[in-house]
Structures are given as C-alpha cells and as structure tokens.
Amino acid sequence: GWGFPLVGQDYLEILSAWYCSFGKCCETGDCRIINNITGLEADLSEQLHGQHLAKEVVVRAVRGFLQSPPPQKALVLSFHGWSGTGKNFVARMVASHLYRDGLKSDCVRVFVSLLHFPHHNYVDSYKAQLQRQLSETLQHCRQALLIFDEAEKLHSSLLDAIKPFMAQHDSKGQADQQRSIFLFLSNLGGNTINEVALDFWRAGRAREELPLELLEQRLRLELQEAAEDSYAHSHLLRENLIDFVVPFLPLEYQHVKLCARDAFLARGLPYSEATLDEVAQMMVFVPKEEKLFSAQGCKSVPQRINYFLP
C-alpha cells in the first residue's frame, strides 16, 4: 500500500515543480517549460464548448511543432471568429499548458493592439520597442509564445517588425534550438464563419460535420481580399507566414448553458438546470428569424450569474 505511484516522466515533473517552486532554477527559464499537450487536449475537450475544429487544429499543430525536429520557422496560428467564442480562452490555455507560470511566464508575451499601440503617430517608436521586446524574449527563451490580440488593428509597420521573427531561418547555431509560437487573435472573418455555420444548420447538418477545409478556404479568400488599410494582417497570408487559420464557430444555446455551468462551478456556487436556462435566456440570439447563435458568445456569462446571487 506504500508503493510510490509516480514513475518516469510523472516523477520528474513533480520533482521539477518542487525544485522550481523555490525560484528560478535556470537563467533562461527553460525548466519552467512543461509542454503538457495531453493536459491541453483534455482541458480543451472539457472546457471549450462548441469548438471541435479549433480544438483539433490547435492540439495537432502545437503537438506536431513541439515534437518535430528543430523547425526552420515559427509556428503561426491565426484565430478568427466572433467575440466571446473562445479565442482568448484557448490562447490562455495554451500558455498554461506549455509553461508552468502560464501567461506570467517570462517566455510568454501578450500584445493587445489598442492597449499597447494606441496612437498611429507613435508607430515608429512602437516598432522599435516591439522589435526589442521580441528579440529579448527569443534570446532569453528556448521556446517562446507570442500572442497578438485584436490583430486586425495592428499597423502594417508593426507587422514589418514582427515578420522577420516568423520567417524561415538557417538551421545554424542557437536558432537551431529555438522554437517560437505566434498566435494572432481577430474578430475578422466572424461573419463568414457564421454564414457557413448557418447554411450548414439550415441544410439539417450537425455543426460537428463542418469540415475545416471549407471554412479555412472561405476565410483565406476573405482575408486575402481585405483592403491593405483595413487589415494589414492579410499580408501574412499572402507571404505564407500563417500556418493555420483557425475558425471559431458561433455558440448556440446549449453552449451558453455549459459556459454558465462552468461559471457557477468556478465560483463554487449552486445551480440547477432551470438556473442555467435563465442565464442563457438573458443572452441575445441571432439571426432574427432563427435565433440560433449567441451574439455575445459566452463573453458576458460570468457577469450574468451575479444576478442570481443572494
């Protein structure tokens, strides 16, 4: 009954966690990298609702990238869909399963366009600062995660600063051992995704039957046709720097109920099926005729449950 149940990698993982809990155990922070792809897949399956395509693409892409021989370019994923469908949620989950410190890791950088680069008059200053931050992160970390939220609002000059860090490099020296993952999050393309999903529903097809190829093709066409001034991010597609365009589907009534359940559980609050229905019914659903998709996704659900507190 006293046999030690942890062997191999599990034992090393626990030992590493205990040792690193006392502070940084290496200059580069590499010992804080965990790359728990199994945990990422399990948590996405349990906590990401209505996004079978996003879950499959993200898990396969990240697993393949990290388990392959040293790559010649960064892994670049572009998340697209309406607000509240899970893009930020997945980005946070990727960070938390690749790094022991999650978003707080020194090897994870998050940039929000309107927050970090709000004024076009200072774009040259932003560009120099961004280049410096990316260079420092990639030099410091054997594996880096760079997240750009509101990617559709990135100025083209800022993309010029980012592109060299994503492009192919010669497999020589330190670059041979360096891996980096770029995540671009954007609401652009959400209407196209919704139209495809609605057509599928009207044809009597289950959303789980939606093929990635159909959505990715439609998305790439829309994004590549976007005007330069309105969506500089489209240049990344034209130059084949984006490896996967990841569609996030609009959420339906049952998905909103699952989000409400998760919100109650996260706060240790009791709930019933009737309560979950009440939360879902407080949301706005579109289009006007079918009332099929939540206009806000699950974004405001955690705030909605405050209504039910005593």
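Colleague: In which helix is the place of Leu214, and is this residue buried, exposed or partly exposed?

Modeller: In this predicted model, helices (DSSP runs of H or I, at least four residues) and strands (runs of E, at least two) are numbered from the N terminus. Leu214 belongs to helix H9, residues 212-225. Buried means under 20% relative accessible area and exposed over 50%, with partly exposed in between (1.4 Å probe, protein chains only). Since its relative accessibility is 31%, Leu214 in H9 counts as partly exposed.

Colleague: How far apart in space are Leu214 and Val196?

Modeller: In sequence, 18 residues separate the two. From C-alpha to C-alpha, the distance between Leu214 and Val196 is 8.6 Å.

Colleague: At what pLDDT do side-chain atom pairs count?

Modeller: Residues are numbered from 1 along each chain as its sequence is written, and side-chain values use heavy atoms, with hydrogens and water left out. Totals for chains, interfaces and linings use all residues, local features need pLDDT of at least 70, and side-chain atom pairs count only at pLDDT 80 or more.

Colleague: What percentage of the residues in the protein chain is buried?

Modeller: The secondary structure of the chain comes to 13 helices and seven strands. Contact means heavy atoms within 4.5 Å, and 75% of the contacts with a separation of 6 or more join residues 24 or more positions apart. Of the 310 residues in the chain, the buried share is 45%.

Colleague: Which residues touch the most other members of the largest nonpolar core?

Modeller: A nonpolar core is a set of buried Ala, Val, Leu, Ile, Met, Phe, Trp, Tyr and Cys residues joined through side-chain atoms within 4.5 Å. The largest one holds 72 residues, and its largest share, nine residues, comes from helix H3, residues 52-67. Apart from it lies another core of 14 residues, including Val256 and Ile305. Within the largest core, the members that touch the most others are Ile162 and Phe184.

Colleague: Why do H6 and H7 count as roughly parallel?

Modeller: Axes are lines fitted to C-alpha atoms, for helices over the stretch in contact, and angles run from 0 to 180 degrees between N-to-C directions. Angles under 35 degrees count as roughly parallel, over 145 as roughly antiparallel, 65 to 115 as roughly perpendicular and the rest as oblique. The axes of H6 (residues 123-140) and H7 (residues 156-166) come within 8 Å. H6 is therefore roughly parallel to H7, as their axes cross at roughly 20°.

Colleague: How many nonpolar residues are in the contact of H6 with H7?

Modeller: The H6 side includes Leu130, Leu134 and Leu138, and these meet an H7 side that includes Ala161, Ile162 and Phe165. Ala, Val, Leu, Ile, Met, Phe, Trp, Tyr, Cys and Pro count as nonpolar, Asp, Glu, Lys and Arg as charged, and the others, Gly among them, as polar. By these classes, the contact of H6 with H7 has three polar residues, two charged and, as nonpolar, nine.

Colleague: Are H2 and H4 roughly parallel or roughly antiparallel to each other?

Modeller: Helix H2 (residues 37-47) and helix H4 (residues 87-98) have axes 9 Å apart. Among the residues that meet are Leu40 and Leu44 in H2, and Met93 and His97 in H4. The packing angle is about 150°, so the two helices are roughly antiparallel.

Colleague: What is the handedness of the crossing of H11 and H12?

Modeller: The axes of H11 (residues 253-266) and H12 (residues 273-281) come within 9 Å and cross at roughly 115°. A crossing is left-handed if the near helix is turned anticlockwise from the far one by less than a right angle, and right-handed if clockwise. The crossing of H11 and H12 is right-handed.

Colleague: With which residues is Asn194 in contact, leaving aside its neighbours within four places in sequence?

Modeller: Asn194 lies in helix H8, residues 190-202. Its relative accessibility is 7%, so Asn194 counts as buried. Beyond those sequence neighbours, its contacts are Trp82, Pro250 and Phe293.

Colleague: What is the phi of Lys291?

Modeller: Lys291 lies in the loop between E6 and E7 and is exposed, with a relative accessible area of 52%. Although Lys291 is not a glycine, its phi is positive, at about 50°.
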